[in-house]
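Reader: Hi! I'm new to looking at protein chains side by side. Could you walk me through how two of them touch?

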Amino acid sequence: MSAKPVLDKVRDVVNEVDFNRFRFWFQLVAFVLFVYGGYLAIDLGSKLPFFSCGYNREGRAGVCYLLPLQHQLGRPLAMLFSMASLAILTGFLTFVLWFIVLNKGWCGFVCPLGTLQDWISALRRRMGIRFSNYTQGQFAQLTKIKFVLLALMILIPLGVGGGIFSRDMSPPFCLICPARMILPMFTGDFSQFTVDFSSKTAIFMTALGISITALFLVGSFVKKRFFCFFCPMSALHYLISKPALLKLKKDGSKCTRCGDCYAVCDMEIKEIADDVKTTDIMTDDCTLCLKCVASCPESGALKATFAGIPIFVSTEAGFIKRMNKGCQHGK
Amino acid sequence: MENEIHQVIPIQPAPYSRSRQAGEAQTVLDHIVDDFEENPAAMQYFYDLFRQVYCHGDEIPHSGKLVGTTCIQAPEELIYAFGATPVRLCNGSYHYDQRGADFMPAKSCSLVKATLGMLSSDNVIPKIGKPDLVVNPSTCDQKKKSSVMIEGMGYQVYDLEFPNVKESEASRVYWRRSVREFASELRKLTGKRLTRANLKAAMAMTGRAQAAFRALHNFRRQTPSLILGKDAFLVTNAYFFDDISRWTVAVEKLNAELAERQAAGFRAVQSKAPRVVFTGSPPIFPNLKLPLLIEEAGGVVVADETCSANRMLYDMTAVDEWLLNDMVDSLADKYLKPCTCPIFTRNDDRKRRLLDLVDQFKADGVIYQAFSGCQVYEMEYRSVAEEFNKAGIPMLYIETDYSPDDQGQLSTRIEAFLESLKNRKKRRA
Amino acid sequence: MKDLARYCLGGMLALLLIGNVTAQTGLDEHSAHASSDVVRPRPPENATPEERRAFYQKRAAERVKAGGGGDPVAALARTAPGNATLDTAPVKRTQDKSTPAKPEEPARASGRPAGMGMAMRGGGPLWLSDSPPSRGDGAARGGMGGMMGMGGMAMGGERGGAPSKRLWLRAGSDPQKSGFAREDGEAINETLIVRPQGPIEGEALPPPVDGKKNLLFDMPVQGYYRVYASSRKLQGEVLNVSVAKAEISNFGHGGDEEERAQALVAPRVLESAPIEIVREKAPDEKTFFQLKSGDEQAFVVLQKGLPLQGARVRFVSHEGWSKEAVSDEQGRVNFQIIRDYFPPWDDFKKRFKASYLVIAEANAAEQGMFKDMPYSSVRYQTTLSGNYYPSPNDYRSYAWGLGIGLLIVLFCGTAVYLYRRRRLKPFREVRFDER
């Protein structure tokens, strides 16, 4: 018995998997791990490339890198430019190492806030309410926001360290991040749902944070993956995504541009359907959820590769199987 | 004078089966069935079907309202979902082509003329009954202009507005809206409501049919071929009017037989037979002139890029959320985005599709049929030829119509082309 | 905005999850300063840390000569930082703000509260503070990560080295007003330190070097460091035994896990201590613990490691408000940390660090000899000081938070709903400018 037919069989099973179900369970496990893992004394460090929120003190199994990053950048300038800042560099490298493994797959499969948005979407779907879309013009404008937020997220802590801004503005992104309020809730901590009246800056920042959380709840109800569009982590990911191991590849010659991938894309990325030249098709908005691969009827047109090895490839058989399932149950 | 008895001898209408039209179909069908050896047994269903419908003029039963479509862009899932039955009105009969010449300039597309001819005759073959609604997507000029003429023949016509640029977001938005409006038109026609369950069931039905077609399509990748192109065209032609479930079952049976053939190492053609991809104006029974000429001459049509076969059934719809809004939008996208019809401004997708087909089906050459008068195909010839030139793929361009007059001349050209493909193959080997 | 610069980064660092407290620098020493109404001589702007230290030592020595800590205002001058902008606004204390339940106000007028009727060394009970007199009035320090007790306060140490800690021995029963403890030749003094991984019976801590008034020690490993400054002195026939205790928690984020785990279960009692107060940890207390005003806190009075019943225990808040109780059979006393921080809103600091002082006293009819003199009874006195912070309930509002959240959810939800209902006008993307 040669290993080849076995391998082919495994490949077929993977490619024809009921992808949505697989992803649902994967996300659920990841959510439980990162929101409740702390109770099992799991601690994966503080350089995680997704929103495993540090404010969820009890349950977190690791901490989102943006929290320590902002704090490190917020050191007094004298200290920032000293040897002590080597820690910033090593911290960043650790973050990059984490990131490289799954690329933006952290967003699509692991990020608790992303999972939460998918669940809110599922709720809407079950209620039979249609989702909203951006127009192309809105998309082109909104997609820049995450880079602006990333820049602010770096500049404001520097300003805090330099004494320009109040310490009540630190860490700026965490203060406006919905994950800070929502994830601790899952371990019974509602203390983030307060307005801090201790100073004017604190009032502003906490009120802004609450407003954005409220927007998040409304937004993710009508728009799939509403927040990911504005996520500075996503922007940071994109900037360092070149050496990542998990990749989304497209073979333009096999693409019929039918737009099936675009139709299922939570992030409304048009390139996935229309671009037949780029092989590395992951864009800045992509969450690498791989739904596009699962919904592509052209064998080999889209695939996810890990370190160059295809691990999930679009196949006709897989498409038909998933499609039939959709027709019968409809999720 | 008054007492004179005029005995009017009523002209007995000759039975359809003895008409010139039936004869045309009979000849082609006999040719398809008898002049080739070892036709798949499962093809018998289709042979019988065409014999009954085209040669005997038997009626085709249908349920619900009948919605005629003049193009593949009319979303049939929606029609099924409203409990109506779609039927494709595109016709391939030379008899109707001649009749239709009354409506269109002499130098116009045979297909459009034949369709008009069919609709204008009292005795419509295939005998599908009078459509309650004719959906006419605004694709090419000739189809657009037939709209009013069809209306003049006493049909209710719905112009389904179709964009002629497909890359832009505006066209997507426009088309999605058109499809939504079409759905509300269907609601008016049928008095039924579109529901998730109905549309899902309809999509499951067409999805199964498409899966069966894709399986057949994939069997044709096999070298040497398991099935001839003329049979494949007959199968997809039957999809125009046959009951979709019955059709699917028949295709699945055919696929099963092809699987057996594959296992048994069966060859439908010689291993040296040149493999041809067919593109351009659609061959519709009984006008299977070109595919038959190719396969008579020892070639085999392994794949096609025409709206009577591949383009009609190949592309499948993916839906993210099985809600009506999402399903209808996804359907709309499927009918617009992958379409390789030449009516669009650009034809990059068509060129890529053709190159991919040649590559995937290991074809030796391409035969490009343009109905004289079908300007869009005629105009696209140049760019497609250039593309193939670049890729080093030989292509034969044939301008023809439904008339059988040019058969001799065409057969010479095709034979020469296939011979050159053979030589090329030999040289390469 | 000005005083923002002086915000201590220590608290922020507590959050740095890569967390190494060691990264803190001498800067911290200055950053805890509150506003001052007196401009003090300070070292030149460009002084090196060594020069600066020498400067301060010299000045401290001068001060000892001048006043010996007798005058709280003149002598207890702060060491003004050379590098921070000095806010000259007067300190706003809220003691004049009369509150109805201000119990047993110590004798403020004298500038030296009288303790519990016992004047051992001039000022009152001895206690260990993490700030010199008049300094520890609650500059915003510490962050949300928090430090338990006095952890993280006045921490110094060379860059990259182990963090170190300074403690001042003070006398008096008002956390803000007590001055330096005076030297007393008659007493037998002894200072012990119990380190997390050192011997549990403790090690002797060298007294302050000449000219300095603080006890300085390194904290190389994580855990609780306890310092006991005990003093015995005969007064008539009564032997006064006093133990001033401080417990410093030293934990860093990302530090050694095992170290931390060990520290959490290590005993916090010195068996040889004639008397001591132990702050009882709450069952769910983590390493970074901050006491907040409004919290209930239990203290246990122990004598030689055994609970002492009937000890008089007094809790003194930052503002000098105090409450007395008697320890039960388990030696326990419970106090609710009273809120005593009422600055005008503009001056409110949520990281305001307030000190509390717990004083326990007990008498025992024990006979013995001290320095060849007999005594017939012993008066035990012990103190424990710590810090507490404003309760988040004082400045955080759920009502506003949820209110704003709900308002926006409702508003945006309705807006989205209406927009989606009304958005039936397609093809209006292009609008022409009529001008």
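Reader: Which residue of chain C forms a salt bridge with A:Asp168?

Author: Good place to start, and keep in mind that this is a predicted model. A salt bridge needs a side-chain nitrogen of Lys or Arg within 4 Å of a carboxyl oxygen of Asp or Glu. Here the closest N and O atoms are 3.6 Å apart, and the partner of A:Asp168 is C:Lys350.

Reader: How many salt bridges are there between chain A and chain C?

Author: The pair A:Asp168 and C:Lys350 is one such salt bridge. Counting between chain A and chain C gives a total of five.

Reader: Which element gives the most residues to the side of chain A that touches chain C?

Author: The elements giving two or more residues to that side are helix H3 (66-73), strand S1 (195-196) and helix H12 (200-222) of chain A. The one that gives the most, with 11 residues, is H12(A).

Reader: What is the bridge partner of A:Asp196 in S21(C)?

Author: Strand S1(A) pairs with strand S21 (residues 396-397) of chain C in the antiparallel sense, over two bridges. Within S21(C), A:Asp196 has as its bridge partner C:Arg396.

Reader: Which three residues supply 19% of the area that chain A buries against chain C?

Author: The contact takes 50 residues from chain A and 40 residues from chain C. Together the two chains bury about 4,000 Å², with 63% of it on carbon and sulfur atoms. On chain A's side, the three that supply more than any other three residues are A:His71, A:Arg167 and A:Phe197.

Definitions and conventions:
Residues numbered from 1 in each chain as written. Chains lettered and ligands numbered in written order. Predicted model: local features only at pLDDT ≥ 70, side-chain atom pairs only at ≥ 80, totals over all residues. Heavy atoms only, no water. Contact = heavy atoms within 4.5 Å. Buried area = accessible area lost by both parts, 1.4 Å probe. Helix = DSSP H or I, 4+ residues; strand = E, 2+ residues; numbered from the N terminus. Pairing = 2+ DSSP bridges.
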